[in-house]
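Work through these exercises with the model open. Try each task before reading its solution.

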Amino acid sequence: MSATESFIDGAAVPSAEVYENIDPSTSRSLGTVARGGPDEVDRAVGAARRAQRQWRTTTPEHRSAVLERIATAIDTHHAELARYECEDTGKPASQARADVTVAARYFRFYAHAIDTYYGQIIPLSSDLHIYTRREPLGVTGHIVAWNYPIQLVARAVAPAIAAGNGVVAKPADETPRTAVALARIAVDSGLPDGVFNVVTGFGAEAGAALTAHPGVDSLGFVGSTRIGSEVAAAAAQRVIPAVLELGGKSPQIVFADADLDTAAEFVAKAILQNAGQTCSAGSRLLVEESVHDALVDKVLQRFAGVTMGPGCDDPGLGPLISRKQQTRVAGMVNGLTRGEILCGGAVPTGNELTEGCYFPPTLIDGVDPAAAIAQEEIFGPVLTVNTFADDDQALALANGTEYALLAALWTRDLSRAHRLAAEIVAGQVYVNTYGAGGGVELPFGGFRRSGYGREKGVAALDAVTATKTVVVKL
C-alpha cells in the first residue's frame, strides 16, 4: 500500500493527518491519503499565484506545446492511471481505460484550441481602433466529484492552464490518486512548478477552504446540487465567477417508430455505465404506450446478461463508490410506494459480492412521476419507466423534474425530433443516440438544479478567461 499526498508547487506535501483510501470492490484499504486543509490550500493558492504571473505571459504556442506533451505522457502512463482509476472508483477496467484516453484527449484538444482562440476587432468608426483580448482570470479553483476523477480533473485543468491560469484542484476524498498523478505528469512534461496544484482531503475541510479562499479568482464544481449551492453562494459573496455541473435526472424518450433494438442497447448502457453513478445517466425511460412491453422486455434482456464483480476483473457492472452510497440507493428503492420492480432492487447477499458495495441492475415500471425515485438523482443502476400517449405528454414528463442536464429522443420522425429538442429543457439533447464518448468538443452543462456555466469545447476557454476591450483614438 502507498501514501497519496497533496502536490503543491511541484512537490509532494504530506499532512499531519491521513485517512484510508477504500477500494469499493473489496472494502479494503488501498493506502493512506493526506488529509489536507486550510494550510495546504493556502500554500497551493500562493504557489499558483506566483507561477501564474509568469505562465500567463508565455505564448499560446508554448502553452500548446506543453499541453501536447502532457497528453503524450498520459498515453505513456495509461496502464498505471487506469489501474488507479479502476481501484479508486471500482468501475470496470475497460471503462477506466476509456476515461484515461479521454483525459489525454482534453489536453490534446486544448493544446490545439488555444492556438486559434482570439479576440475581435470591432469597426465602430474610422478614427477608433477597437479590439478585445481574452485574458486569464488568475487562479482557478476546481472541486471535482468521485465518479470520473481523471476525466473531471483533465476537463477542468486543461482549458484553465491553456488560457494562462494557475490551478488548484481538489479531488474527491474517495478518488484522489489520478489527480495527484496527473499533476506530477504535467510537471514532468514541462509545466512550471505551481501552475497545477492538487490538495487532497475531505470536502468539508480542503474543499471548503478552497471555496472560501480570497486568492481564488474563479470556482468550478462538479458534484451534488446541495454542495453546489454552497459553492455558488461563496462565489457570489466574493463576486467571482463559478461554473457548476450538478445533478441530472435525464430522460430517454422512446417513440413507437424508433428502432427499439438500438434504443434498448443505449438505454441499458446509459444507466449501467459506471454503475449509474453519472450525472448524465439516462435514469428515466419514457416510452410510448404501444411499444412499452416490447421495449421493456428488450431492456430486461440486456440487464439479465450483465455480470457484476470487482472493477479490475472488467465485469459489466462494478460496485458503487461506498457503503454510504449503497445504503442510499437501497433506501430509495425500498421507499418505493408505487411501481413494480421487474429486476434487481436489493443488495446482494450470501456470496463474494457482499464484501464490496454492489447493487444490481434494477428496473422499476410504472412509478409515480412525482415520487422521489422519479424526481431525485439516484446515482445507481436504477432505471424507472413511465409511459406517454402523445408528444405533449412526453414533453411534460421529460421536463417534469427540477434537473435539466441531458435528454434523448428516439424517433424516425426528424421533424418531431427537432421540434421537441427545442422544447426540452436540457443542456444537451441527443437524437437516436446517447452520449458522445467523452464529448470533449461539445459544450456541457445544465439548466435549473443541474447547474450553470459550460465546460468542454471552446466554451470552457470562455469560462476561464475574461474579455478586455481596448479603444485607441487614431
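**Exercise 1. Sort the residues lining the largest pocket into nonpolar, polar and charged.**

Solution. This is a predicted model. The lining of its largest pocket divides into 19 nonpolar, 10 polar and 10 charged residues. In total, 39 residues line the pocket. Next, go to the centre: Trp146, Gly223, Ser224, Arg226 and Ile227 lie nearest to it. Then trace the elements. Helix 7 (203–212), strand 10 (218–222), helix 8 (225–238) and helix 11 (323–334) each supply at least two lining residues. Finally, the space: the pocket holds about 1100 Å³.

**Exercise 2. Find which residues of helix 14 (residues 414–423) are buried, and explain why they share a side.**

Solution. Apply the cut-off: buried means under 20% relative accessible area. Arg416, Ala417 and Leu420 are buried in helix 14. They cover an arc of only 100° around the axis, so they sit on the same side of helix 14. Now look at what they pack against: helix 13 (391–398), strand 18 (406–410) and strand 19 (428–431). The face turned away from the buried side carries exposed Leu414, Ser415, His418 and Ala422. Last, check the start of helix 14. There, a side-chain oxygen of Asp413 comes to within 3.1 Å of the backbone nitrogen of Ser415.

Methods. Residues numbered from 1 in each chain as written. Predicted model: local features only at pLDDT ≥ 70, side-chain atom pairs only at ≥ 80, totals over all residues. Heavy atoms only, no water. 1 Å grid on protein atoms, 1.4 Å probe; cavity = no way out; pocket = protein on both sides within 12 Å on 5 of 7 lines; lining within 4 Å. Points joined across faces, edges and corners; volume = space filled by probe spheres on them. Helix = DSSP H or I, 4+ residues; strand = E, 2+ residues; numbered from the N terminus. Nonpolar A, V, L, I, M, F, W, Y, C, P; charged D, E, K, R; others polar. Buried < 20%, exposed > 50% of the residue type's maximum accessible area, 1.4 Å probe, protein only. Arc of directions from axis to C-beta. Contact = heavy atoms within 4.5 Å. Polar contact = N/O pair within 3.5 Å; in protein donor to acceptor, adjacent residues only side chain to side chain.
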